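Welcome! Let us walk through this structure together, beginning at the ligand and then moving on to the charged side chains.

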Amino acid sequence: MKDLAFSVLRTLADGRFHSGEAMAQQLGCSRTLVWQAVHHLENEFGLTVFSVRGQGYRLPAPFSLLEVAAVRAGLDERAANVFTLALADEIDSSNTQLTTRAAQGAPHGLVLAAERQTAGRGRLGRRWQMRLGAGLTFSLLWRFDRGLSGLAGLSLVVGIAIVRALREFGVPVALKWPNDVLLDGRKLAGILIELSGDALGPAAVVIGIGLNVEAPGEVDQPVANLADAGCKVGRNALLAALLNQLAKVLSQFDRDGFAAFRDEWHQLAAFIGQPVRLSFSHGEPADGVAVGVDDSGALLVDGAAGRRVFHVGEVSLRAAP
Ligand code: BTN
């Protein structure tokens, strides 16, 4: 049913009325199936569909779906050369899928964007959920030659790419160590990086990004979205802008490592010079003043017992209570 539901959604995406009969004819199925697909859109995907006797079905407003051609049209030369785009209507998780494909030899630069994830994953074992059409969820595969140990700081660099892209659209975002993007102090986007490979040899890295374009639906923390900030950029143009910046920063990171980005990260970061609390999956939280990051992207915190260094991993940071 989900495939038919997406086909019906593509027809209804123009925001106009379409009769059940016309859609049934166009899609080669019965009117009952079209009706069931409309229910799927409402009950499973959380969309509102108006149904008016004699006129058919329509969405409250036009709905923008991701399209490879529209994303490609916004890519600059570097990004167009490095990225291969794939779109999925519904998958479990773009990170999970790309990790599997990476192990099967998928090429460097493969991007997988999903309209809907049924098992989207966040950091620290959390879930990542998003209403259909309310955001961007995509992952990309990048193959590095610098070995796993040289990849500390990568998530900070990905954050820089997201901030640069959003600032092109006038959105004043900031970064929270290690890899959240904040708007007005609330989370706008998250990054999930999953690595496989050798300590010294080639590494395959799956970089997953989830970004709220509109209110994402029910989630377990206060979040921000672009629409509330008055930013009306379409999802295809936004994905292209993100990929343009990612192509740039990932190539430079590959060449020069995190040290080349350290100053810029400090300029974009929230909480620097402020009291923070770091929480771990095990053990007591640590309090102190966030001083900045070192050349590997580790966070430096001055506390009662002197300066401590925290590496990106099972740590989360917030303002001190
Ligand atoms: C976090 O802030 O905890 C990270 C969230 C990352 C979510 C993205 S959505 C696309 C990709 N696929 C996933 O399952 N997760 C990442």
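In this predicted model, start at Arg123: one of its backbone N or O atoms lies 2.6 Å from an oxygen atom of the ligand. Arg121 also uses its backbone, with an N or O atom 2.7 Å from a nitrogen atom of the ligand. Lys187 brings in its side chain instead, placing a polar atom 2.4 Å from a ligand oxygen. How much of the ligand does the protein bury? Taken alone, the ligand exposes 420 Å², and 99% of that is buried by the protein.

Now look at the surroundings. The shell around the ligand holds 5 nonpolar, 11 polar and 4 charged residues. Helix H6 (94–103) and strands E5 (135–144), E8 (186–197) and E9 (203–212) each give two or more residues to this shell, and E8 gives the most, with 4.

The whole structure has 13 salt bridges. In another of them, the side chains of Arg131 and Glu214 come together at 3.4 Å, N to O. This pair links distant parts of the chain, 83 residues apart: Arg131 sits in the loop between strand E4 (110–117) and E5, and Glu214 in the loop between E9 and helix H8 (235–256). Arg131 is partly exposed at 32% relative accessible area, and Glu214 is partly exposed at 36%.

Definitions and conventions. Residues are numbered from 1 along each chain as its sequence is written. This is a predicted model: local features need pLDDT of at least 70, side-chain atom pairs count only at pLDDT 80 or more; totals for chains, interfaces and linings use all residues. Side-chain values use heavy atoms; hydrogens and water are left out. A polar contact is a pair of N or O atoms within 3.5 Å; within protein, one must be able to donate a hydrogen and the other to accept it, and residues adjacent in sequence count only if both atoms are side-chain atoms. Accessible areas come from the Shrake-Rupley method with a 1.4 Å probe; for residues, only the protein chains shown count as cover. Ala, Val, Leu, Ile, Met, Phe, Trp, Tyr, Cys and Pro count as nonpolar, Asp, Glu, Lys and Arg as charged, and the others, Gly among them, as polar. A salt bridge is a side-chain nitrogen of Lys or Arg within 4 Å of a carboxyl oxygen of Asp or Glu. Buried means under 20% relative accessible area, exposed over 50%, partly exposed in between (1.4 Å probe, protein chains only).
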